[in-house]
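Subject: Structure handover

Hello,

Here is the structure for your files. My notes on what was found in it follow below.

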Amino acid sequence: MDLLNTLVDKGLRRELPTREEALAVLATSDDELLDVVAAAGKVRRQWFGRRVKLNYLVNLKSGLCPEDCSYCSQRLGSKAEILKYTWLKPDDASKAAAAGVAGGAKRVCLVASGRGPTDKDVDRVSETISAIKEQNEGVEVCACLGLLSDGQAGRLREAGADAYNHNLNTSEATYGDICTTHDFSDRVSTVQQAQAAGMSACSGLIAGMGESDADLVDVVYALRELDPDSVPVNFLIPFEGTPLAKEWNLTPQRALRILAMVRFVCPDIEVRLAGGREVHLRSMQPLALHLVNSIFLGDYLTSEGQAGKDDLAMIEDAGFEVEGTDTTTLPEHRRQGCGEGACASEDAGEDAEEPAAVAAPSEDTRRDLVSVRRRGAGTELPPNA
């Protein structure tokens, strides 16, 4: 396909595809899927070889969030029967993190529910970061605490946080459809605060909330403009008890096309396969490794993932290798910043017409694959790592 040849050439040059080209990737047929994966895989291997970075989530505070994000099992008014607990003590959080590091994780992601941290919360997380760094040499720590207030990003950086995660989730035009207690600009501002403080920015999206192809392209282009170092791609986990419980809009093929589109738009950025991969990709997860260069190991915040040993086996069986702490994830040009003439073109092209609607998934949805987390942080049971 001429489209795929063009996208590969642009990806190898770090040149931004046009919006029309990005939309065309999402509109490809199932018959063309393996060609799409192979093309995006060439771009992935150019910048990241066959390495897979492992990340491990530690949910520091679960549930009872005052925000009303429709997709979230921890939201205000959620009836999802998830674990609910207040802040883990630093030592307990460090022990949970150590399990992930022992399983091969290179980065530990510390997450807490809520609109954003108080100054006391920042102190508490700072202690946790120190404990993790003292006990796990070489590990990266990413904080994800919600919207940041003035000065908090700098304090987290001083405490040793390497990165800060705050996802854009969906397009600016449709953000109000999934959340009313804060807006898209609040999220952009927090990512920019993290960058200004010297932390690596981590910001991504959630697919499968009923958005259009144009919305998906819009949010990925917004992410590209923010220039984060890592882009997590989440697929909606339709928890019973949340407003989006009936939104089963994805097929494995659709999920792979979304990942390929993200790779073409973000060729040299860490693209992370995040929440929902087991639910929506299912047996096609190994194919996704040809598109992404990073995954979460084991469980997520409020849902269970596949066994950590199965994640490692999947990576090995697919011919990839776990990235070690002695390897820097990003290619050298991104670590040092763009030199003269080195940055990618920002020609976004003209808006294309909306592609034809995607066929709806089968009515026989796999609700049995949504499994609420009952082990690890906040429980007496060992974590999955």
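This is a predicted model: local features need pLDDT of at least 70, side-chain atom pairs count only at pLDDT 80 or more; totals for chains, interfaces and linings use all residues.

The second largest cavity holds about 100 Å³ of space. A cavity here is a set of points, on a 1 Å grid over the protein atoms alone, where a 1.4 Å probe fits but cannot get out. Grid points are joined across faces, edges and corners, and the volume is the space filled by probe spheres set on them. Lining residues have an atom within 4 Å of a point; this cavity has 14 of them, with Y56, L57, Y300, R373 and A377 nearest its centre. Strand β1 (residues 51–61) contributes the most to that lining, four residues. By type, the lining splits into eight nonpolar, three polar and three charged residues.

Residues are numbered from 1 along each chain as its sequence is written, and side-chain values use heavy atoms, with hydrogens and water left out.

In total there are three cavities of 30 Å³ or more. Strands β2, β3 and β7 (230–235) each supply at least two residues to the lining of the largest cavity. Helices (H or I, at least four residues) and strands (E, at least two) are DSSP runs, numbered from the N terminus.

Strand β3 (residues 140–144) is largely enclosed by the rest of the structure, because five of its five residues are buried. Buried means under 20% relative accessible area, exposed over 50%, and partly exposed in between (1.4 Å probe, protein chains only). Both faces of β3 are covered, with E140, C142 and C144 on one side and V141 and A143 on the other.

β3 pairs with two strands, where pairing requires at least two DSSP bridges. Five bridges join β3 to β2 (residues 107–112), in parallel, and L110 has A143 as its bridge partner. The chain gets from β2 to β3 through helix α5 (residues 119–135), in a right-handed β-α-β crossover. Right-handed means that, with the strands pointing away from the viewer, the path from the first strand over the helix to the second runs clockwise. Strand β4 (residues 163–165) also runs parallel to β3, joined by two bridges, and A163 stands opposite C142. β3, helix α6 (residues 152–158) and β4 make a right-handed β-α-β unit.

On the cysteines: the structure holds zero disulfides (pairs of cysteine sulfur atoms within 2.5 Å). C69 has its nearest cysteine sulfur, that of C179, 3.8 Å away, and C69 is buried at 7% relative accessible area. For C266, the closest cysteine sulfur is in C202, 12 Å away and too far for a bond. C266 is also buried, at 1%.

Finally, Q195 is in helix α8 (residues 184–196) and is partly exposed, with a relative accessible area of 27%. Its C-alpha atom is 8.6 Å from that of A153, 42 residues apart along the chain.

Regards

How values were computed:
On a 1 Å grid over the protein atoms alone, a cavity is a set of points where a 1.4 Å probe fits but cannot get out, and a pocket is an open set with protein on both sides within 12 Å along at least five of seven lines; lining residues have an atom within 4 Å of a point. Ala, Val, Leu, Ile, Met, Phe, Trp, Tyr, Cys and Pro count as nonpolar, Asp, Glu, Lys and Arg as charged, and the others, Gly among them, as polar.
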